[in-house]
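Here is a short report on one chain of a complex. Look at the structure first, then read on.

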Amino acid sequence: MVKKRKKKKEKQENQNNQKNQDNPKDQQYSIEKIIPKDKFDSLIKGLYKDFKLIVPKEAENEIEFDYLDPENEKYQFPEYQNLRVSPKKFLFPQKEVLYSFEKEGTGIKIKEKEEKIDDQIIFGIRSCDARSYKILDTFFSSGKYSDPYYFSKRNKTLLIGLACNDPMSTCFCTSVGGAPFSSEGLDAILYDLGDNYIFKIISEKGIIFEKYVKEYPDVNKVDLKKKEELATSARGKIQFEINLDNIEKDLDSLFESDIWTKVARRCLSCGACSYVCPTCHCFDVQDKSDKSGGKRVRIWDNCQSSIFTLEASGHNPRNSGKERTRQRIYHKFNYYLKNYKILGCVGCGRCIKVCPTNRDLRESLKIVVETAEKA
Amino acid sequence: MNHKHELDNPYIPSLVTIEEINPENEVNDLKTFKLIFNETVDKEKFFEKFKPGQFAEITEFGIGESPIGIASSPTEEDYLLFTIKKTGKVTNRLHDSKKGKMVGIRGPFGNGWPLKEAEGKNLVIIGGGFAFTTLRSLIVYLIHRNNREKFGDITIVYGCRNPGEFCYKKDLEEWGKRDDINLNLTIDREHPDWKKLVGFVPTITKEVAPSPKNAMAFVCGPPIMIKYTSPVLQELGFKDEQIFLSLEMRMKCGIGKCGRCNVGSKFVCIDGPVFSQAELKVLLRD
Amino acid sequence: MVDTKKTEEVQVIIPANEIDKVSDEKWEPKIIAFLCNWCSYAGADLAGVSRIQYPPNVRVVRVPCSGRINPLFILKSLQVGWDAVLVSGCHPGDCHYISGNYYARRKFSVLDDLLEFIGIDKGRINFSWVSAAEGEAFAKVIRKITKKTRQLGPNTIFKEDQ
Amino acid sequence: MEEIRKSLNVIVKSLISEKKVEYVLGFEEGTLPLKPVPLYIEKEEDIDRLIWNEYCNLNLVKFLLEEPHGKKIGIILKNCEIRSLIVLINEKQINREDIVIIGVPCSYGIIDINKVSKLLDGKEFTEFKKNGNDYTFKGVGFKKIIKLQDILSDSCAYCKDKNPVEYDYLVETPNEFKKIKDEDFDEYFDVIEFEKKTPKERWAYFKKELEKCTLCMACRNACPLCYCKLCFIDSNQPQWFDKTDDLSEKMLFHMTRAIHLAGRCTGCEACTRACPEGIDIHLLYKKLRKMTKDRWKVDKIELGEPSVLGSYKIDDPQEFMVKED
């Protein structure tokens, strides 16, 4: 009975969305437990026995995702809406060694990267970031080649989310197919009810968590009702809504439009937006070496930089800010739909917050949609 | 060493040794490298997938990696040829190398020339400058005794700035002697030692006037040549679906992950480098 | 433009990890010296021809003029692990290109102050004027710098992040 | 501030209506609080969106570099920004006659939004109110009052150079500014204090700050004086940097950039405010300004003067040279 109502409710919530994030698998696992906040630490300690934990932690002047050492500290979630930097770096670090090599006389010996990866949980991520991993999964496994470095970590990683009670002013996840309480892409999710958490297992992989929450009571109707109320209120707090149903077609028709000059006019061509973005995944490959050997590393790169596409001959296909700005928007809102049938943006709003010149992605999208409507 | 596993990781190069280095042009900024695989397993893996028109990533250890079109054909077993122009830091270092040096290779990448579709058709091959590399691979493949009868007439138009700039002079000489190839070599301006055609590639193409009937055109060259050759082909009656171009973009990974070589929604490294004119018309190009 | 080969050589000669390997007693300072072609290089040459003894810890890079030295060369040398850097040119007024060393002097004082300001030991970077006739002076400068570098110990400025 | 805006309105209106310039560059409110964006005033109706206040945090001179020579452009600038424009004019990047400078006197300085966010522990604020020197920031579940001096850019706090030195139109100093007394302090007070620390402490400070750097290049790209077509960090032949996030790479980048700005940096601090990580290394640049003053007696950048590193005097001090004895 409860489940049915929930489904209906979510359906109602999602009717405006282009993609229904309601996961049909959700219904198979009806493990929903109540965890009082003062027992939360013991849950963490239990998980820590078997997993490395990546949690939001108080750092200097802000809150950051970091590895937890619960032996010396009692862990509670710090207060946060969302973090300035996405947790992308734990699966796709800014600098990653691909392999190393040794010089032996005139010969070369390649040594594969040996990395021991422990089972880990990224704990307390918001729905938008959970969806970003889904996008990265799709991208890194697409085509003929799957990315071994990403998946060596991804396959060992479980995601436990924390539903978003207070979206930020820049959030627009509902416009790109997400929702503050969405459990898409997660293995389990926590709902913060004030004094208690609801711990709900979402995916098949998440069943592993059952043994850690066995001792806790099941949810009751009152809690679920409270959760629904919170979900509605969280959704209501999102200030920006745009209909992106036709964005692929809209962008198709606007490639040569002069709006891009206008949109790009204020861009400084720095990489701040792509470095905080949870779905930006372009990288550069560099060699480091000395007399006896060296290594090949990949590092984050960003499409806003003028040297991103500069060829050795001096030719640069994306030479001006206009083309680079256009590329970033097209990549996320057109090419992604063409290639993988999903949007490449999760609406976390980080790029809007971080931009030194306040180039607002929402504004750009608004311009695109309005211009396309007029045409 | 566990070879199977190593090859499964597309980022890890196989080792090859430089066996020969041959200068190709008078200016000496273009050299052909003959590479031999160190391990037979690696070689077999490579040749399993290899088609003319593909490229490979060549690693100069400690310096970096460059995508280079493969100039040899799969029919030339045992070795690979790469014709490399001295432009960036990797190619500069390669040009300074000596025989016997080990370099890395990853590949083959890309789609290659559409050979299946070309079977039974007349082929027009148009190239300019040192971009002739993958066209050489194609021609060598086509005229191999096992393959020649699968294809119709072969017309080649190859233009360079001056006689010294032609690559693969030995091959050209050999092809010129064959009666199953219509080979047209041209240079941009008159030159005392030059007895053959003079004129830009589009002009010569117009003069040679290959028939579009049951034909396909394969074009590779500098952007300016492509720009003026496509209209000529269209004038001759070639449809967009019959014209195939090999594109170039800055690449890093070669496997569609690093995100810089896209032309519209397609990556040149995995969806290309060969696109038909019809495909390109739909793509959004910077 | 810059001679690529030469700058890459800098990276190759001293691998970043070599200094860690040697124990303290065996450690010998390694000093890179950028010498101007017209004065200091000739000065070093004279020191050699005159058989003047000076410590063998210095490796010479010949440059056309001290004005050619980009502060980045010096920083890069420290990054790849040289224990000290010396830049030497013609005495003021003697520059082959009339004023190269005057410009160099201003650049050096900026770099010198800046390195001190961010907390890098004074003495890692050194500047001197040595003319073509001053073989003995060149040897003295090298002796002095080697001694100073020995006191400072191995260059670990940028090591901590490795 | 309202007074200034009114005078600006009059000036800009006359420039636009008389077609003296193609556009005037100013600021308008952005989509987030304390984040104004550049406004290109091309038509008279755009003027209504023009703002001028203590959080106009970009150096608009940067946006002139893209424009072709000969195009007449009006621009509203404070003195530190005017000085950076002077550098560009001295270095022949911009023609003086192309630019109509509307000079505005500066009161206390510019708010550094990174400082605000540090004081709020990274929490998002959605509203702010100004009451004299008190700024009230409100967000989800908090309200905090911060004094203006705690969030001013560091260079502004010790700035004595607040009135435009080069302009075509000058906005008159409003009465409220006249009340601000020029306190008696050394302009380079913070540098002098920092120099008193031990080398180890200084190194630790820069190391801690620069460890946060992601090499996103926002600082370089916000700086009007960084106009090289190919920056040394992007150069591939020779390749100085591999841009991996090793500390040494970051250190070298910031030190080299500082050297490139020696004698040119005017202390507008657009770089510090543009940094998405909130790195504060303004002292590095300020030290260079102090140094040019102490060493070569070149204090402020003036129109037509040669650049510090592009000129010399025969008797420049050279006490740092190794002496042979």
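pLDDT is the predictor's confidence in each residue, from 0 to 100. Chain D averages a pLDDT of 90, and 98% of its residues score at least 70. For the complex, the predictor gives an ipTM of 0.87 and a pTM of 0.89. This is a predicted model: local features need pLDDT of at least 70, side-chain atom pairs count only at pLDDT 80 or more, and totals for chains, interfaces and linings use all residues. Residues are numbered from 1 along each chain as its sequence is written, while chains are lettered from A and ligands numbered from 1 in the order in which they are written.

**Overall shape**

Chain D holds twelve helices and eight strands. These are DSSP runs, numbered from the N terminus: helices are H or I with at least four residues, strands are E with at least two. The C-alpha atoms of chain D fill a box of roughly 70 × 55 × 45 Å along the principal axes.

**Domains**

An automatic or database domain assignment sets the bounds. Chain D is divided into domain 1 (2–112 + 152–296) and domain 2 (113–151). Their C-alpha centres lie 23 Å apart. Twelve residues of domain 1 of chain D are in contact with 13 residues of domain 2 of chain D. Contact here means that C-beta atoms, placed from the backbone, lie within 7 Å.

**A sheet of three strands**

Strands β5, β6 and β7 of chain D form an open antiparallel sheet, in the order β5-β6-β7. Two strands pair if DSSP finds at least two bridges between them. β5(D) and β7(D) are the edge strands, each pairing on one side only. β6(D) and β7(D) pair over six bridges. Lys138(D) stands opposite Lys143(D) in β7(D).

| Strand | Residues |
|---|---|
| β5(D) | 125–131 |
| β6(D) | 134–139 |
| β7(D) | 142–147 |

**The side facing chain C**

33 residues of chain D are in contact with 37 residues of chain C. The elements of chain D that give two or more residues to this side are α8 (199–210), α10 (247–260) and α12 (282–296). The largest share, eight residues, comes from α10(D).

Notes:
Contact = placed C-beta atoms within 7 Å.
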